[in-house]
Amino acid sequence: MYKKNNSLLVYCIFYFLFLYIPVFLLPIFSFNDSFHMVFPLKGFTFDWYIEMWNKARLHKALWNSIKVGVITAIISTFIALFAAKAFTRYRVKYSGLSYGALLLPFIIPEIIIAVAFIVIWTSMGLKLGLIPITISHILYCTPFCLLILISRMDGFDKSLEEASMDLGENIFGTFWRVTFPLLLPGIIASLLLSFVISFDEFILAFFLSSSDQTLPIYMWSQLRFPKKLPHVLALGAIIIVATSFIVMLSYWFRNLGQSNNNRGSHI
Amino acid sequence: MVNNDFIKLRNISKKFDDVIAVDSLDLDISEGEFFSLLGPSGCGKTTLLRILAGFEYPTTGSVFIDNSDVTNQTPNLRPSNMVFQNYAIFPHINVQRNIEFGLRKEKLSREELNLRVKESLKMVQLEGYEERFSNQLSGGQRQRVALARALVKRPKVLLLDEPLGALDKKLREEMQIELRNLQKELGITFIFVTHDQEEAMTMSDRVAVMNEGKILQISPPKELYNKPVNKFVSEFIGNINLLETSIIDENDKNLTLDILNIGKQDFNKNIFNSKLSENIFVALRPEDISIKKEKIETADINIKGIVKNVSFYGESTYFYVKVEGINKLLMVSNFVDQVSINENDECSLGINLENIKLVS
């Protein structure tokens, strides 16, 4: 038996306060009846939420973000699915190198990707807008999807696919009847997570957007006007709640149906 | 008329990078035979089974099943089905769906499907488990589901990859008898991979002992035990004492050997199963040596020794005896515990010449 260490508990509490106080200030001020983000709080109000509801440009930005997010999620999950299958099932030549190359967008600063992308895109004479944003988001999200799907694929036994082949299914039948249903929680987790990453992404969207704004770019553009700050806070509060929910959902899906000893062994 | 080359392997080799897993091997297996591939891990037995199933393609050679060349056929097209070592029960569907998984192509009606599933579950004595999922089954039950799932396809050949390895001893022994009975009843050719010599011996019509990618001997279990072709087989099957010896004289019929501590002896060449070579060993099964406190009058050869260890196994007792001039302790077994010999007692060991095997 060892003594319960209270100093560790205190450390944990401070750690979480440090992380989350700024985040929780946002929702608090979004109900505050004032243009300024200062204490003491004034009256309680829903005005900012109502104001937000009536902004047409915000609606357009939200719709843009959803479009980009959904397409990014589907395509990067799709790409990652095949890559994960290759890395876990086949003996790939230079697998270490290609694995590293696929995870590289993780490490390269986003701003570098953004600059490189904008140079290439414009030098090809193409127009900025939602399409280059989506492409760059796919590049950026694929490593996340790959990590999720590889861990899911490692967790399931190769002989299940062999059993299916042995029982008369060809590779497509095997994928559809065995691999896909077993990977489904991982696929859903990957879709949700890449959607959230794309939805929140700022730097790439900032460089590559033209008149078509995504939601983070819209928020950024509104910050210049003090009068418009409160409704951005309201929007931010909603985004915090929604994305936390989606991330938790994705985590839950990722561990669905995996044995207990695998649970939580990877982040 | 039994088809002796129902399964035919010709010049099969399999290389993984630089490792030779299976080395230019020929093998014929009869229709309706219970055939075991036995060997230590890494001997190539599982690779050979996977070549038969179609999960691996041989580097050289051809595979024939029932007179058709299946060498380049994918597993889904072959008339064989496999029971996997870890059973590979699909975890996302229940037992019923698992078993009917392979029947999709047969386009049966729901009633026919149910009937087939019921039939095969009855075969493995698992009726009433249709709705269960893999995680609600014990190891033994999963094994039965895997068996039912393969048998429901009515394969020409059933391939079994160490299917009993994960079961406890008691269950394993029960399953051995059940598998054997099932095989006799159905008349399907079973090819069974195992590293457990007891398992192979109790179930099989014939056993192939493999090592380093080659088949060393193919024999019925009794012959394997009584006439091992070489030192490896003799050691791998059952317990055996190997004594070093050297050839002193040789003529057409007889060999004269100098056996340590036993002296010169003449042997008929007929009993020699291996090819002649320099390193000949005298091989004695533990039960071929008798043990008493006093000299054994009926034995051809008597040796004195000191008992170092006594192990009681219930139906038999093993004595480990130190004999001067022999490095290893001799293993001697006695099926009825009639001799009251204790550790550190002096004893007499009796050997009859007819029981001596020679291997190299």
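Domain bounds here come from an automatic or database domain assignment. I note that this is a predicted model, where local features need pLDDT of at least 70, side-chain atom pairs count only at pLDDT 80 or more, and totals for chains, interfaces and linings use all residues. Residues are numbered from 1 along each chain as its sequence is written, and chains are lettered from A and ligands numbered from 1 in the order in which they are written.

Entry: domains of chain B. I looked up the assignment and found domain 1 (7-232) and domain 2 (240-359). Taken over C-alpha atoms, the centres of these two domains of chain B are 39 Å apart. I then checked where they touch, with contact meaning C-beta atoms, placed from the backbone, within 7 Å. Domain 1 of chain B puts 5 residues in contact with 5 residues of domain 2 of chain B. On the domain 1 side I listed 2 nonpolar, 1 polar and 2 charged residues. For these classes, Ala, Val, Leu, Ile, Met, Phe, Trp, Tyr, Cys and Pro are nonpolar, Asp, Glu, Lys and Arg are charged, and the others, Gly among them, are polar.

Entry: sheet in chain B. Strands are DSSP runs of E of at least two residues, helices are runs of H or I of at least four, and both are numbered from the N terminus. Strands pair if DSSP finds at least two bridges between them. I traced an open sheet of 4 strands, antiparallel in its pairing, in the order β2-β1-β4-β5 (chain B). Between β4 (60-65) of chain B and β5(B) I found 2 bridges. Which residue of β5(B) is the bridge partner of B:F64? The partner is B:D69.

Entry: helix pair in chain A. Axes are lines fitted to C-alpha atoms, for helices over the stretch in contact, with angles from 0 to 180 degrees between N-to-C directions. Helices α3 (56-89) and α6 (130-154) of chain A pack at about 40°, their axes 6 Å apart. The two are therefore oblique to each other. Their contact residues are 18 nonpolar, 8 polar and 3 charged.

Entry: chain A against chain B. I found 14 residues from chain A and 17 residues from chain B in the contact. On the chain A side, α7 (158-166) and α8 (171-200) each give two or more residues. The largest share, 6 residues, comes from α7(A). By class, the chain A side has 7 nonpolar, 3 polar and 4 charged residues.

Notes:
Two residues are in contact if their C-beta atoms, placed from the backbone, lie within 7 Å. Angles under 35 degrees count as roughly parallel, over 145 as roughly antiparallel, 65 to 115 as roughly perpendicular and the rest as oblique.
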